[in-house]
Amino acid sequence: GISVYTLTMDAPPPPYPCGCELLLSKKPTHSQPTRFAQIQQAFQHSSTYFTITYLYDTCGYGAIASIDIPKHTLILNEPPLIPCDALESVLSKYEKGELKCGKEDAEFMREYYGREFVKLGVQEDAKDEVDRLIGMIWAMHDQYAVSNAGGTEYGNSKRIWGINYSNGFYNSESTYTNNNASPNTSLFRPTLHFLAAKFNHSCSPNVGYDFCQNNQRVFTTRDIRKGEQLFCCYSDIVYHEPAWVRRLFLDQKYHFDCQCNACSGETVTSDEQRCQMKEIAMKLSWRIGAAFLYDKTFDEEVQRITGEYDEEEDDSFFSTIPRQTPNALSDGKLKPTIDDLLDILEYMRLCQEEGLDHDMLHCLELAFDLAAFLTMGSKSSNLGISASSCTKCQRGYTQTYKKV
């Protein structure tokens, strides 16, 4: 159970196997929306849909459905354990050698959390909540850590940078508010979410996720039966590569051998369809500037890991297609063709065939853009499509897709 403990910089917390028990305490006596209180509320809401369970077959934790869950159900809306600005600071200080061990990492986060409580004017329960937040961080897996003899993996082994690279996500909805960029600049920024990190990977996931400002939202993409494990997708590698490439990449990058349904058994048809998706993505990214479909730098990284990189062959493909800037369509400098629209619709169909329709909002927006330009010569905003009016968490997705 939960016992009250004192956490100092000289004494690590007990080695919590999962960390969820830190959220099972009584509710804070104050009414302020502190970080711990918000994560605890998200945990209590999510427990209706799933539980974090130890899986003896894989010797790790996973999210198991507590009830039958319909498709397109929002099952988690979680604030970050370590938000973007704090995580960026930790990673920067680590690279500069300013944070040399886990104790210094913890001290930095303790000061960060303390400033949050001061801003909210909270004194009661503040120390206990900070202790629990720090304990939750160290309860998370660090694939780069070397276990100490005592098994706590604290201080000289576990580091926040390793915990982030083992569990973190990238948030494109968070905005910079410092001097490096304008407040309206949206970039991919690292963020760490305690509960969302408990979902295991599948190359054919049954849940998807997105971000609403700082919160990470997890939703089902198909009907889920009680007792079924919930899987998300760790990497864009799943979209465009055959099974053997995905397994090799995930083993090199995340240190696990993927045994999901898409990587086991007969994969010939699936491999062909994902390679077809890659060809469409490469063409549209170059032809109409749909950069979100294909990342050439990421593709080169995958090819180098798998030993398949050929610079001359890569350049020869792109030399056959006129290059367009990412804003060519919205700037009105490009006249799309019906083939472009058919290609993106075929890409979306293949995503659905492969169980990869967990992140198709941008594809949907592009399809609306193309349809609007071809029929009316105007932008899709006139058709009412936007990230706010058609989120992947809403059931209106299917109806919106049919409008295209």
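Predicted model: local features only at pLDDT ≥ 70, side-chain atom pairs only at ≥ 80, totals over all residues.

Modeller: Let's look at how strand β3 (residues 74-78) sits against β8: the two pair in the antiparallel sense over 4 bridges. Strands here are DSSP runs of E with at least two residues, numbered from the N terminus, and two strands pair if DSSP finds at least two bridges between them. Residues are numbered from 1 along each chain as its sequence is written, and side-chain values use heavy atoms, with hydrogens and water left out.

Back to β8, which covers residues 215-220 and is mostly covered itself, with 5 of its 6 residues buried. Buried means under 20% relative accessible area, using a 1.4 Å probe and protein chains only.

Strand β8 also pairs with β7 (residues 207-212): 6 bridges join these two, and they run antiparallel. Here you can pick out Val207, whose bridge partner in β8 is Thr220. Together β7 and β8 make a hairpin with 2 residues between the strands, and Gln213 takes a positive phi near 60° there.

As you trace these strands, keep one general point in mind: in a regular strand, side chains alternate between the two faces of the sheet.

Conventions: Buried < 20%, exposed > 50% of the residue type's maximum accessible area, 1.4 Å probe, protein only.
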